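Please look over the model below before reading on. My notes follow it, as numbered points.

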Amino acid sequence: MTEAAAGDLSVSIWRGGEDGSFTTYRVPARASQTVLDVVTHVQRHIDPTLSYRFACRVGMCGSCAMTVNGRPRWTCRTHVSKVAEGGKLEIAPLANLPVIKDLAADMSPFFEKWQAAGGAFAPTLTRADPVEPIRPSEPDRVVADAGIECINCGVCYAGCDTVRWNADYVGPAALNRAWTLMNDRRDGAQRERLAAVAADGGCHACHSHQTCQDFCPQSLSPTGAISGLKRMATRAYLRGELKP
Amino acid sequence: MNVRLYLWQRGTAALMAPLVLIHVAVVFYATRQGLSAADILGRTRGSVAWGLFYTAFVAAAAIHAGIGLRTILAEWTPLGARGAALTATAFALLLAGLGARAVIAVVMP
Ligand code: SF4
Ligand code: SF4
Ligand code: FES
């Protein structure tokens, strides 16, 4: 398939739980190798007890995110040649989340906050009703479409300082999701969702660092979505529709 | 931070922006004109306008700083949300008290 590139990689991988440590492995360098390929090589050829998560390998499922040389990334679409520093890689589980084992972080807080910020769509029609036509050019739809391609990889959550400092903060992905639903006129939980994101730990806790959009592998702009929510919540509060 | 605190913080910031500019302009004016402390007090004492101006300034600064400090303490210290809110409120009251003292000293006849 691919011929071996020059030399080996020195790969430090987090082993164990919260109190684990890095173990270093030598992995043959190959052309067009991804960080996920490297982790897979270690598990298949060196230590089958290594735990990590992936599914699609093509940047769609969002399950393969890890901390690579200090920065959260989707490993299946990250080429080693782009991130290895002097043939060295350091791979750890995603930050800001509990560690289950090795490279598997516990995503529960991420998805619990996603729910708490009103991430679930609340239908207003039943399957017996005709499908409501929504043109892609409608202004609200254009805004929603800009954030809809989130794959819930958790990269933004792991990279956000405010998440690290403020345990209540729901984080960029949850707020990005909430913003897409606030611009979906088929949704019937607008008021509840706006109240949820305007409370402590919601959109107003964001410091607009923009690390989330810098790191997002889908090139989304959670910061933009969050400022949209801030404006929307502020207007609703001034109109007396929100009581925090 | 929730929407209510956010609005108070942005609102006080918006209020302080012109107040700071006027305050700085007055400082420049006073130094350029070589006004002495007595000259300045002569103009501010008994002035309702300056009293209102600096009272608004002090109130806005105390609220703005209190809300900001609450966030910093909650994020960067082990005080917790409640501890941070209480400490920041105490600090805001202290600022308001010190500010009020200064305003009284400058405008009371
Ligand atoms: S912009 Fe907000 S959500 Fe994004 S990294 Fe900064 S604080 Fe976190
Ligand atoms: S917003 Fe981007 S970085 Fe965050 S979870 Fe979605 S795809 Fe991943
Ligand atoms: S394995 Fe699915 S996004 Fe990487």
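Predicted model: local features only at pLDDT ≥ 70, side-chain atom pairs only at ≥ 80, totals over all residues.

1. Residues are numbered from 1 along each chain as its sequence is written, chains are lettered from A and ligands numbered from 1 in the order in which they are written, and side-chain values use heavy atoms, with hydrogens and water left out.

2. The shell around ligand 1 has 13 residues, and those that come nearest are A:Cys160, A:Thr162, A:Cys206, A:His209 and A:Cys212 (near: a heavy atom within 4 Å). Helix 9 (211-215) and helix 10 (222-238) of chain A each give the shell at least two residues; helices here are DSSP runs of H or I, at least four residues long, numbered from the N terminus. Six residues of the shell are nonpolar, seven are polar and none is charged (Ala, Val, Leu, Ile, Met, Phe, Trp, Tyr, Cys and Pro count as nonpolar, Asp, Glu, Lys and Arg as charged, the others, Gly among them, as polar).

3. A:Asn152 sits in the loop between helix 4 (139-147) and helix 5 (155-159) of chain A. A:Asn152 has a relative accessible area of 18% and is therefore buried (under 20%; exposed is over 50%, partly exposed in between, with a 1.4 Å probe and protein chains only). Its side chain makes a polar contact of 3.2 Å with that of A:Trp114 (N or O atoms within 3.5 Å; within protein, one able to donate a hydrogen and the other to accept it, and residues adjacent in sequence count only if both atoms are side-chain atoms). Beyond four places in sequence, the contacts of A:Asn152 include A:Gly62, A:Met107 and A:Phe110 (heavy atoms within 4.5 Å).

4. Is A:Asn166 buried or exposed? A:Asn166 is buried, because its relative accessible area is 16%. The residue belongs to the loop between helix 6 (161-165) and helix 7 (172-182) of chain A. A polar atom of the A:Asn166 side chain lies 3.0 Å from the backbone nitrogen of A:Asp168. Leaving out residues up to four places away in sequence, A:Asn166 touches A:Ala205 and, in the other chain letter, B:Glu75. A:Gly201 is 35 residues away along the chain, yet the two C-alpha atoms are separated by 7.6 Å.
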